[in-house]
Structures are given as C-alpha cells and as structure tokens.
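Hi everyone, thanks for coming. Let me put today's structure on the screen, and then we can walk through it together.

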Amino acid sequence: MRLRPAVLSVLLALAALPLAAVDVPIHDLQGAGASSPLAGQAVTTTGVVTALRTNGFYLQAPDAEADADPATSEGVFVFTSSAPPSAAARGSRVRVSGSVVEYRPSSDPASPPLTEIGGSVQVSLLSTGNPLPTPVLLTSA
C-alpha cells in the first residue's frame, strides 16, 4: 500500500515525538481509503464540535484547515460511551486524545467501517463560540 506524502510525514513525526506533542489533522486521521491508516493507534487532534449525541460528539476541522481532497473527510465521531464532557459544546474548539477505532455495528457486520476516536478519550477545551465549519454534502459517490 502506498501512503500519501502527508500521511507518511505524520507517521514519521509520530515515530519521532511523543504522541501528545503531535496534533494529527482529521483528514490524515481519516485517510483516503476505506479505513484509517492510523487504526489502532493513539492520536491527538483538534477541531470544532458540530453536533452532540448521547454517546459522543462530532468533530470537524475548521474550513481554513481543510485539505480540499475529496477522498478524505474533515470530520470524525468521538465516541465517549456516555454523555460528552461539558467542554464538548457545539461551537467549541477542542483537543481530543484517544485511539483510532474502525467501528462496524454488530447488527450489520458487512457494512463499511466508520472511523472514530474512542478508547480512553480525553477532551480539552481550547476556545468557545467558534463558527461551525461548512457542512459537507455526502453523496453516493
């Protein structure tokens, strides 16, 4: 498998530095393939909280940090298994540390995996009241 230069540089940086010192952009965490090139690894990333669920929240890169590559995603679900922490309010910019997980629902094991951040998740508030990133329309393509 051939890695994109940006993904390769992130992997090399992760090998050389403590994980907490490197923020992996969401698009590099997601990767361009069906699953993350960082699956199973501990990562730290930042983004703006766009939506809350009962078991986690959605994190998206601000528009200025998007890579404009249609093969990668600028958003990721952060699985907290219970109500998200108070730092994860809509419009808050947060730093999240956890493990990259490829989730498949047990009710549909043949479905494509969904990349998320899970495990022992830590969330730190960086700022509040940020504009929400531009929504991305998902199509069958």
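Which residue in β2 is the bridge partner of Val 49? That partner is Leu 59. Before going on, a word on the source: this is a predicted model, with local features needing pLDDT of at least 70, side-chain atom pairs counting only at pLDDT 80 or more, and totals for chains, interfaces and linings using all residues. Residues are numbered from 1 along each chain as its sequence is written, and side-chain values use heavy atoms, leaving out hydrogens and water.

Now the strands, which are DSSP runs of E, at least two residues, numbered from the N terminus. Two of them pair if DSSP finds at least two bridges between them. β1 and β2 are antiparallel with five bridges, and they make a hairpin with two residues between them. β2 also pairs with β3, again antiparallel and over five bridges; there, Gly 56 sits opposite Phe 79.

Put together, we have a closed barrel of five strands in the order β1-β2-β3-β5-β4, with mixed pairing.

Rings pair if their centres lie within 6.5 Å, and planes under 30 degrees apart count as stacked, over 60 as edge-to-face and the rest as tilted. Tyr 58 and Phe 77 have ring centres 4.8 Å apart and planes at 55 degrees, so they are tilted. Tyr 58 lies in β2 and Phe 77 in β3, 19 residues apart.

Finally, burial: under 20% relative accessible area is buried, over 50% exposed, and in between partly exposed, with a 1.4 Å probe and protein chains only. Phe 77, at 13%, is buried, whereas Tyr 58, at 34%, is partly exposed.

Note on methods
Helices (H or I, at least four residues) and strands (E, at least two) are DSSP runs, numbered from the N terminus. Rings of Phe, Tyr and Trp (its six-membered ring) pair if their centres lie within 6.5 Å; planes under 30 degrees apart count as stacked, over 60 as edge-to-face and the rest as tilted.
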